[in-house]
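Look through the sequence and the 3D structure first.

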Amino acid sequence: MNDEKIIVPLDVSDLESAIALVDKLPQVTFWKVGLELFTSTGPAILDVLKSRQKRIFLDLKFHDIPNTVAGACRAAAGYGVDLLTIHATCGKDCLKAAVEAVQVGAEKAGTKPPKLIAITVLTSISARDLAFDLKIPLELPEFALEMALLAKNAGLNGAVCSPQEVAQLRNTCGENFLLVCPGVRPSWADKGDQKRSLTPSQAFQAGADFLVIGRPITAAADPVLAWDKICEELNLG
């Protein structure tokens, strides 16, 4: 079912608001916990989600020297989450250290290791930003592909990319490489700060495994209605 492949971000600032949102959308099975909420609540929100038998995408986007990232990954693996993110731009040595660390951390905690997925290019970054602000000489799709291949060769399970790059990454990285697409916006939703977006149906058709859809659902006047509308469109598609 497509609705089981939609990840909804808990982009709120405190535990009470997060619990209220989870309770408002009991049909959502996969939630994303990002920097703001995890910094505010720590692992308490993860315990809440696991007590409700939810899947968890811990999106902390680690980016540091290899030793520091490895330590963070070992700790995060002990939480029993399903997906964990690291920036591909931290480099090959760091990525390899992270892969080893999640195995060690999960074994120590007696949990299943999370799928480790690499951030290629943030969906708020445009081609102009990449070229003029970050001074990267590659075209954006080429750079995203290079970051995904770096992650795959280092042993990671997948990558995060915009829907506009997913077809190319799927064709090059193969069917067993997980592709998670944020920045997905239904045709009726405001794109906000997402600069490289597609609709949910288009993203799945291009080869995405999971979609991250936040504000069109969580900021809607009626989040339940918005969720149902997206699921209906996907089923019709």
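Leaving aside its neighbours within four places in sequence, which residues is leucine 10 in contact with? Contact means heavy atoms within 4.5 Å. By that rule, leucine 10 is in contact with Ala18, Leu21, Val22, Trp31, Lys32, Val33, Leu37, Ile45 and Leu49.

This is a predicted model, in which local features need pLDDT of at least 70 and side-chain atom pairs count only at pLDDT 80 or more, while totals for chains, interfaces and linings use all residues. Residues are numbered from 1 along each chain as its sequence is written, and side-chain values use heavy atoms, with hydrogens and water left out.

## Cores

A nonpolar core is a set of buried Ala, Val, Leu, Ile, Met, Phe, Trp, Tyr and Cys residues joined through side-chain atoms within 4.5 Å. Buried means under 20% relative accessible area, exposed over 50%, and partly exposed in between, with a 1.4 Å probe and protein chains only. The largest core has 72 residues, and those that touch the most other members are Leu10, Trp31, Val33, Ile45, Leu58, Ile86 and Leu156. Helix 5 (residues 92-109) supplies the largest share of this core, eight residues. A second, separate core has eleven residues, among them Val160, Leu178, Val180 and Val212.

Helices (H or I, at least four residues) and strands (E, at least two) are DSSP runs, numbered from the N terminus. Helix 1 spans residues 15-24, and its buried residues are Ala18, Leu21 and Val22. These residues lie on the same side of helix 1 because they cover an arc of only 100 degrees around the axis. The arc is that of the directions from the helix axis to the C-beta atoms. An α-helix has 3.6 residues a turn, so residues three or four places apart point the same way. The cover over the buried residues of helix 1 includes strand 1 (6-9), strand 2 (30-33), helix 2 (35-41), helix 3 (44-51) and helix 10 (215-218). At the N-terminal end, helix 1 is capped by aspartate 14, with a side-chain oxygen 3.2 Å from the backbone nitrogen of glutamate 16.

Which residues of helix 3 are buried? They are Ile45, Leu46, Val48 and Leu49. Seen down the axis of helix 3, the buried residues fall within an arc of 160 degrees, so they line one face of the helix. Their cover includes helix 1, strand 2, helix 2 and strand 3. Just after helix 3, glutamine 53 has a positive phi of about 60 degrees.

## Single residues

The UniProt annotation "active site", from an unreviewed entry, covers Asp59, Lys61 and Asp64. UniProt positions are given in the numbering used here, feature names are shortened, and annotations may be inferred rather than shown by experiment.

Lysine 61 is in strand 3 (residues 55-62). Its side chain is joined to that of aspartate 59 by a polar contact of 2.7 Å. A polar contact is a pair of N or O atoms within 3.5 Å; within protein, one must be able to donate a hydrogen and the other to accept it, and residues adjacent in sequence count only if both atoms are side-chain atoms. Leaving aside neighbours within four places in sequence, lysine 61 is in contact with Thr85, Ile86, His87, Ile119 and Leu122.

Aspartate 64 sits in the loop between strand 3 and helix 4 (66-77). With neighbours within four places in sequence again left aside, aspartate 64 is in contact with Val69, Cys90 and Cys94.

Leucine 25 is in the loop between helix 1 and strand 2. Not counting residues up to four places away in sequence, leucine 25 touches Trp31, Ile217, Pro223, Val224 and Trp227.

Relative accessibility for several residues is listed here.

| Residue | Relative accessibility | Class |
|---|---|---|
| Lysine 61 | 26% | partly exposed |
| Aspartate 64 | 39% | partly exposed |
| Leucine 25 | 0% | buried |
| Proline 163 | 2% | buried |

## Cysteines

A disulfide is a covalent bond between the sulfur atoms of two cysteines. Here a disulfide is counted as a pair of cysteine sulfur atoms within 2.5 Å. How many disulfides does this rule give? The count is zero. For cysteine 90, the nearest cysteine sulfur is that of cysteine 94, 3.2 Å away. For cysteine 161, the nearest is that of cysteine 181, 4.2 Å away. Cysteine 90 is buried, with a relative accessible area of 15%, and cysteine 161 is buried at 0%.
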